[in-house]
Amino acid sequence: MSAEATNPASPGAVTSSPKLAASLEQDGTPAPRRRTRPRIDLRRLGRAAFLGSATRDRLPDAIGHVAEAHRAHHPDADLEPLRRAYVLAETSHRGQMRKSGEPYITHPLAVTLILAELGAETTTLTASLLHDTVEDTDVTLDQVGEEFGAEVRFIVDGVTKLEKVDYGAAAEPETFRKMLVATGNDVRVMSIKLADRLHNMRTLGVMRPEKQERIAKVTRDVLIPLAERLGVQALKTELEDLVFAILHPEEYQHTRKLIVDNASRADDPLAEIADEVRAVLRDSGIQAEVVIRPRHFVSLHRASRKRGQLRGSDFGRVLVLVNEDADCYGVLGELHTCMTPVVSEFKDFIAVPKFNLYQSLHTAVARADGQVAEVLIRTHQMHKAAEAGVIALGNPYAPPSEEQTDGGGARTDLDADGERVDPTRPGWLSRLLDWQEAAPDPDTFWSTLREDLAQDREITVFRADGGSLGLPEGASCVDAAYALYGEDAHACIGARVNGRLATLSTVLRDGDTVQLLMGQDPASEPSREWLDHAHTPVARIAIQRWLAAHPAHIDPADVAPRSSGDPAEAEGATAEAARAAVDARSAQDGAESADPAATAVVDQPGATVRLAGCCTPVPPDEVTGFAVRGGVVTVHRVECAGVAHMKSTGRAEVGVHWGDTTEARVTLVAESFGRPHLLADLTEAIALEGVAIVSATVEPPSQQRVRHTYTLQLPDAAHLPALMRAMRNVPGVYDVSRAQHHVAVP
């Protein structure tokens with residue numbers, strides 16, 4: 001990692017000041033919740049590195065801060081690996097200097113301290129101290145493995161691979177492709193990389209402005225989103241502020257002034273609301289720690305752009321920490337009972353955690369003066385995970401069995417290529433690794449990666465079998481299909497969202513239940529239109545690969561019949577579909593003048609009965625009648641829209657009941673997704689039920705949907721439900737219903 005110089009005047013040094021100012025209580029003393037360790041003087045640390053003891057019996061003074069931070073999270077940790085790693089790193093880097101004049105050893109020490117304060121386990125800290133030795137010194141990976149075990153060797157190798165790639169603009173795609181692969185093999189590799197970038201960003205001041213800007217943009221586009229996905233909020237927020245200071249210096253200074261001005265206010269509504277929360281919880285007997293979390297620069301900048309004039313309560317959030325999960329909901333109930341909640345601000349990330357391990361209850365409470373404070377409720381363990389993400393997991397991989405370890409207890413579950421076998425990793429990372437392998441070229445990979453990482457919000461949808469699926473916000477049913485089935489999703493013909501039929505273009509929302517309808521026809525193919533609705537890289541790349549492999553592809557919707565006239569003119573109709581339509585037209589020609597066979601008896605002697613074509617009533621439908629011109633009584637189903645129209649015009653109803661005849665004529669509408677042979681399959685299903693087709697029309701496809709209307713002669717009206725089930729069972733058909741035509745009522 002480059003020997004970038006320390007510069008106390010750089011933006012990194014500035015970030016702590018506003019946070020401190022924002023955390024002052026009314027009397028000017030620091031808020032007790034902030035127990036941050038002061039930034040280490042690296043020059044003093046460098047002298048300690050040269051002069052400190054390196055004997056086997058004593059821990060070097062230079063890593064005293066690291067040891068103290070590590071023991072705070074892991075009281076029983078064995079510090080001997082850290083001592084040996086420091087000795088090897090210091091002797092290996094001796095004589096190397098950073099651009100600002102500090103000994104180079106200060107860089108791995110600072111990176112390791114960042115990770116130690118976040119609670120990283122000993123193996124990660126050991127690898128962090130050694131992360132530059134293989135790249136910048138004569139130490140070899142084999143030496144690292146012999147001295148510290150296979151686990152440390154694996155992590156150091158992963159970090160080293162990332163640093164051997166040029167960071168020029170043309171090389172960025174390959175750099176981050178390797179970064180993803182290394183992260184997939186062990187997320188601790190990325191933890192070290194993020195801490196390394198944070199320290200380098202803190203010490204970026206002596207670089208040329210154009211280089212600072214380039215590094216800041218890469219950090220913004222890739223590393224910050226990766227930190228978000230790994231849940232390492234402590235690193236992510238400081239990186240955001242450092243990038244903000246470099247790329248938007250004027251807005252940064254304006255935001256800093258807002259923070260300083262707010263800290264100098266005589267009143268502090270956020271502190272007053274926190275006191276009210278403490279009083280409510282104390283009276284209810286719930287043990288909780290209530291602290292104020294100041295917003296960092298970027299968060300406050302976003303809030304000011306969204307809300308305009310900021311109020312005192314906008315400069316931070318109230319954080320409530322409890323011991324048990326159940327206490328979180330107890331706190332929520334007390335606050336919503338005793339204070340005025342802003343219900344629209346409530347979010348439950350405990351029941352449905354975010355994709356990056358984050359769990360918390362979010363709500364907001366309002367005071368009579370209009371001040372609204374956001375409240376976060378979580379357990380201490382949730383808070384640790386919220387701050388440190390995957391780092392808080394320690395070693396995130398399964399405990400090793402005897403055959404998976406070497407003599408020192410280090411894991412050896414690596415394949416022949418030195419890659420970890422079946423690592424446990426976040427779902428979003430697995431998806432990233434899947435589609436990056438399918439990306440056809442580096443440019444596609446790079447542009448798609450940036451788009452994917454820019455989607456910093458994820459939704460959870462539920463499958464029909466009760467499982468869940470994480471998707472980026474804005475994802476459609478197309479994305480759900482490819483996330484669940486991979487390239488088998490080419491055969492998807494539709495979906496049900498929350499039990500209702502939906503097109504594949506339907507955008508999913510958090511908490512939706514989605515059931516994907518898969519076609520049985522092996523000839524099913526993806527549509528080019530799906531690209532317009534695909535939001536995820538895995539879906540877009542899979543569709544593009546299929547289309548590239550089938551340049552002569554005709555969209556399935558294009559082969560569906562497009563005309564209700566002569567079947568021979570139906571564009572793209574198959575031979576089977578054309579023959580079926582001819583048969584249907586022949587049946588229609590022979591029966592156009594036939595009256596419906598089902599008999600309805602009206603309470604009006606001598607009247608001619610006609611079954612209404614708008615709703616085609618059949619026994620045992622509940623029906624009613626209306627007298628029209630010529631002594632005719634039209635019979636409607638009682639739920640028909642024509643009935644309401646007749647009543648609104650003042651026409652009197654005529655009593656109607658069904659006679660003994662069971663034969664009936666009915667009009668059914670079949671809704672389907674376009675595919676080859678669909679019309680033939682539908683007419684065959686109708687014929688197998690012993691039903692005659694009087695007439696049939698097929699409307700032109702719209703958004704891959706095809707609407708079929710059949711007038712059918714049933715030998716027995718009681719057979720209608722079985723007929724409708726048989727039609728629904730035809731692949732591609734998603735609904736069959738009774739016709740409800742909107743016709744002019746005589």
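**A salt bridge and its surroundings**

Guide: Let's start with R188 and E121, whose side chains meet in a salt bridge with 3.3 Å from N to O; the term asks for a side-chain nitrogen of Lys or Arg within 4 Å of a carboxyl oxygen of Asp or Glu. The pair links distant parts of the chain, 67 residues apart: R188 sits in helix 12 (residues 187-202), while E121 belongs to the loop between helix 6 (106-117) and helix 7 (122-129). Helices (H or I, at least four residues) and strands (E, at least two) are DSSP runs, numbered from the N terminus.

A note before we go on: this is a predicted model, in which local features need pLDDT of at least 70 and side-chain atom pairs count only at pLDDT 80 or more, while totals for chains, interfaces and linings use all residues. Residues are numbered from 1 along each chain as its sequence is written, and side-chain values use heavy atoms, with hydrogens and water left out.

Is our pair buried or exposed? R188 counts as buried because its relative accessibility is 3%, and E121 is also buried, at 12%. Buried means under 20% relative accessible area, exposed over 50%, and partly exposed in between, using a 1.4 Å probe and protein chains only. In the chain of 746 residues, 52% count as buried.

Leaving aside neighbours within four places in sequence, M201 is in contact (heavy atoms within 4.5 Å) with I215, A216, T219, L239, L242, V243 and I246.

One of the partners of M201, I246, takes us on to helix 14. The axes of helix 14 (residues 233-247) and helix 15 (residues 249-263) come within 5 Å and cross at roughly 120°, so helix 14 is oblique to helix 15. In that contact, D241, F244, A245, I246 and L247 of helix 14 meet P249, E251, Y252 and T255 of helix 15. These residues divide into six nonpolar, one polar and two charged.

Because they are four residues apart in helix 15, about one helical turn separates K257 and D261. D261 is partly exposed, with a relative accessible area of 35%.

For another pair, look at R728 and D735, whose closest N and O atoms are 4.0 Å apart in a salt bridge. R728 is partly exposed at 36% relative accessibility, and D735 is partly exposed at 28%. Elsewhere, salt bridges that share partners join E80, R83, R84 and E147 into one network. The structure holds 26 salt bridges.

Finally, stepping back, the chain has 27 helices and 21 strands. Among its contacts with a separation of 6 or more, residues 24 or more positions apart account for 69%.

Note on methods: Axes fitted to C-alpha atoms, helices over the stretch in contact; angles between N-to-C directions. Parallel < 35°, antiparallel > 145°, perpendicular 65-115°, else oblique. Nonpolar A, V, L, I, M, F, W, Y, C, P; charged D, E, K, R; others polar.
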